[in-house]
Amino acid sequence: MKNKSGNTKALFWIFVILIISGWFVFSSADGRAKNIPDSSRSLGELQKITLSTQNYNYYPNIIKVKSNQPVEITLDESVRGCLRAFTIKDFGVSQVSSNPSEKITFTPTKKGTFKFACSMGMAYGTIIVE
Amino acid sequence: MAWKEFKNELNGNRVEGELIKTFLYSIIISLLSFFTFYFVVDGNGLYEFLGKYGQSIFLTAISYGLIVCSIRQVRAYKEMPCMSGMMVGMTTGMIAGFLPGFYVATNNGMFIGSVFGMFIGIGVGIWNGKCSGIMGIMEGIMAGFMGGLMGAMTAFMLINDHLLASSIIVLIISAVILIGLNFMIYNEMKETKRQRYEDHFLTIIVTFILMMITMWLIVVGPRGGLFT
C-alpha cells in the first residue's frame, strides 16, 4: 500500500483538471440555433415559405401561416439527405422533394400549432396556423 | 469482499495500482495534444474553437483515458483464460468503437463516424483480445465492428434530441462498464503474477496518436451531407 498517497494526489489532479477543462469547454459552447419566427410571406392567396438547414435542423424552424390558404414550401439547396423527405403528420403531408424545384404544397385547414419533420423525425420544427 | 479488495488494490503495487495514474497521464496528454492541435491547425479563436468542437473533444479525451487504462491492465497480464479474454476483447472493442464513433459522428456524420469507430474498436478489440488467442481476437473484431456502427448511428439519430445529455450518459455508462472490466480482470487474475512491466510511454503515445487523429477528423476531416 505504498502507492496510496501518490494515487490520492493523482485523483485530486484528475478531479481538478476535469472540473477546470470541463468548465471551459461547456461554458464556451454555442447553443443550438433557435428560431426566427414568421418567415412566411403572403403572395396573394399562396403562402410561400423557403426552408434551409442550419445546425443540422430546418431553418427557420418556427413558421407561421394562415389557415385555409394554400402553402407552398420550398426546400433549398442546403437541405440534404433525409431532410428532403418532408412530413407534416397533422395535414397528411409526406413528400420527398429531390430538388428545390419540387415544391411541397398543402392547405392547412385547422388552426393551431403543429410539428413538421423529416421522415425519420431527426430534424423538426413547428408550424403555427393562425 | 472482492470489490473491497479491488478498491484497496487501486492503491497497491500491482498493475491496478497504476490505473489512476495512467488515467491522469492520458488526460494531461489529451489536453496538451488539444492545445498543440489548436495552435498548429486552427488558431483563429480559442473561444470559438472550444464552442464548436470542445465538448466532443473533451468527452473523447475522457473516453481514451478509460480505454488506455484497460489496455495497460490487459498488457500487464499478457495471457488470460479464454472466457476472460473473450470478455476483454468484446468489452474493449465495443466501448472503443462506440465512444469515438459517437463523438465523431456528432460532428462529421454517420459514415465518417462509423468508419472511424469501427477502425478504433476493431484495433483495440484485437490488441486486447489477443491475450486469449484467436477467440479473443474474433470477439474483439466483431465487437469493434458493431460498436463503431452503433455509436455513430446513435449520435446521428440524436442530433436534434438532447445530444449533449446523451453524450454524457453514454460516457458514464461506458465508464462504469470499463471499471467493471478492470474489476473482472483483477478478480480473474489476482492469483497470477504480473507478466509485463512497462512505464507510461505507451499510454502517452497511444493517447497522443488517438487524440490527434480524432481532432483532425472532427475539425478538418470529411463530413457527410448534413454537416457541410
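This is a predicted model: local features need pLDDT of at least 70, side-chain atom pairs count only at pLDDT 80 or more; totals for chains, interfaces and linings use all residues.
Local features were taken at pLDDT of at least 70 and side-chain atom pairs at pLDDT 80 or more, whereas totals for chains, interfaces and linings use all residues. Residues are numbered from 1 along each chain as its sequence is written, and chains are lettered from A and ligands numbered from 1 in the order in which they are written.

Chain A contains one helix and ten strands, where helices (H or I, at least four residues) and strands (E, at least two) are DSSP runs numbered from the N terminus. The order of elements from the N terminus is α-β-β-β-β-β-β-β-β-β-β. Chain A has 130 residues, of which 22% count as buried; a residue is buried if 20 or more other C-beta atoms, placed from the backbone, lie within 10 Å of its own, exposed if 12 or fewer, and partly exposed in between. Among contacts in chain A with a separation of 6 or more, 59% involve residues 24 or more positions apart, a contact being two residues with C-beta atoms, placed from the backbone, within 7 Å.

Five strands of chain A form an open sheet of mixed pairing in the order 4-10-9-6-7, with pairing defined by at least two DSSP bridges between two strands. Strand 4 (62-65) and strand 7 of chain A are the edges, each with a single partner strand, so one side of each has no neighbour in the sheet. Neighbouring strands of this sheet are turned against each other by 20 degrees on average, direction ignored; the angles are taken between axes, which are lines fitted to C-alpha atoms (for helices over the stretch in contact), and run from 0 to 180 degrees between N-to-C directions.

A:Ile62 has A:Thr126 of strand 10 as its bridge partner, and A:Val65 stands opposite A:Val129 in strand 10. In a regular strand, side chains alternate between the two faces of the sheet. In strand 4 of chain A, A:Ile63 and A:Val65 make up the covered face, and A:Ile62 and A:Lys64 the uncovered one. A:Ile88 is bridged to A:Val93 of strand 7. These two strands form a hairpin with four residues between them, and A:Gly92 in the turn has a positive phi of about 65 degrees.

Most residues other than glycine have a negative phi, and most peptide bonds are trans. In the loop between strand 2 (46-54) and strand 3 of chain A lies A:Asn55, with a positive phi near 50 degrees. A:Asn55 counts as partly exposed, with 15 C-beta neighbours inside 10 Å. A:Asn68, in the loop between strand 4 and strand 5 (71-75) of chain A, has a positive phi near 60 degrees and is exposed, with 11 other C-beta atoms within 10 Å. A:Pro60 is located in the loop between strand 3 (57-59) and strand 4 of chain A and is joined to A:Tyr59 by a cis peptide bond with omega of about -5 degrees.

In chain B, helix 4 (residues 82-108) and helix 8 (residues 201-220) pack at about 25 degrees with axes 8 Å apart. Helix 4 of chain B is therefore roughly parallel to helix 8 of chain B (angles under 35 degrees count as roughly parallel, over 145 as roughly antiparallel, 65 to 115 as roughly perpendicular and the rest as oblique). The contact involves B:Pro100, B:Val104, B:Asn107 and B:Asn108 of helix 4 and B:Thr214, B:Leu217 and B:Ile218 of helix 8. By class, four of these residues are nonpolar, three are polar and none is charged; Ala, Val, Leu, Ile, Met, Phe, Trp, Tyr, Cys and Pro count as nonpolar, Asp, Glu, Lys and Arg as charged, and the others, Gly among them, as polar.

B:Ser56 of helix 3 (residues 46-77) of chain B counts as buried, with 26 C-beta neighbours inside 10 Å. Beyond its neighbours within four places in sequence, B:Ser56 contacts B:Tyr103, B:Thr106, B:Asn107 and B:Ile218.
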